Amino acid sequence: IFGPSHHLRWGYADTIHKIVRKELPCSPCEKSRCSRGDFLCLKSLAVDDVYAAITELLGSKNYSLLKN
């Protein structure tokens with residue numbers, strides 16, 4: 001789950017991980033304090049976004065890799 005941190009810098013680029021983030025003009029800013037004042041990059045992530053990523057991973061053929 002990525003908000004202000006850079007998903008390409010800190011995320012895993014493989015088939016057993018999913019990057020969950022919202023594409024916003026201010027993200028990724030990589031700042032510890034939000035210049036907008038609301039951390040919309042994190043607050044806009046819904047449970048359904050994370051759930052969709054999880055079910056996609058668990059439903060994929062890569063599930064056997066997750067069990068190890």
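Is phenylalanine 39 buried, partly exposed or exposed, and what is its relative accessible area? Some notes on that and the rest of this predicted model follow.

1. Phenylalanine 39 is partly exposed, at a relative accessible area of 27%. That puts it between the two cut-offs, since buried means under 20% and exposed means over 50%. Phenylalanine 39 sits in the loop between H1 and H2. Have a look at its backbone too: phi is positive, about 45°, although the residue is not a glycine.

2. Glutamate 30 is found in the loop between H1 and H2 as well. Its phi is near 60°, again a positive value in a residue other than glycine. With 41% relative accessibility, glutamate 30 counts as partly exposed.

3. Now for the peptide bond from serine 27 to proline 28: it is cis, and omega is near 5°. Proline 28 belongs to the loop that runs between helix H1 (7-10) and helix H2 (40-43). Why point out these spots? Because most residues other than glycine have a negative phi, and most peptide bonds are trans.

4. On the overall layout, the chain has four helices and zero strands. Read from the N terminus, the order is simply α-α-α-α.

5. How much of the chain is buried? Of its 68 residues, 19% are. The chain exposes about 5,300 Å², and carbon and sulfur atoms supply 55% of that area.

6. As for contacts, take those in the chain with a separation of 6 or more: 55% of them join residues 24 or more positions apart.

Methods. Residues numbered from 1 in each chain as written. Predicted model: local features only at pLDDT ≥ 70, side-chain atom pairs only at ≥ 80, totals over all residues. Heavy atoms only, no water. Helix = DSSP H or I, 4+ residues; strand = E, 2+ residues; numbered from the N terminus. Buried < 20%, exposed > 50% of the residue type's maximum accessible area, 1.4 Å probe, protein only. Contact = heavy atoms within 4.5 Å. Areas by Shrake-Rupley, 256 points an atom, 1.4 Å probe, with all protein chains shown as cover.
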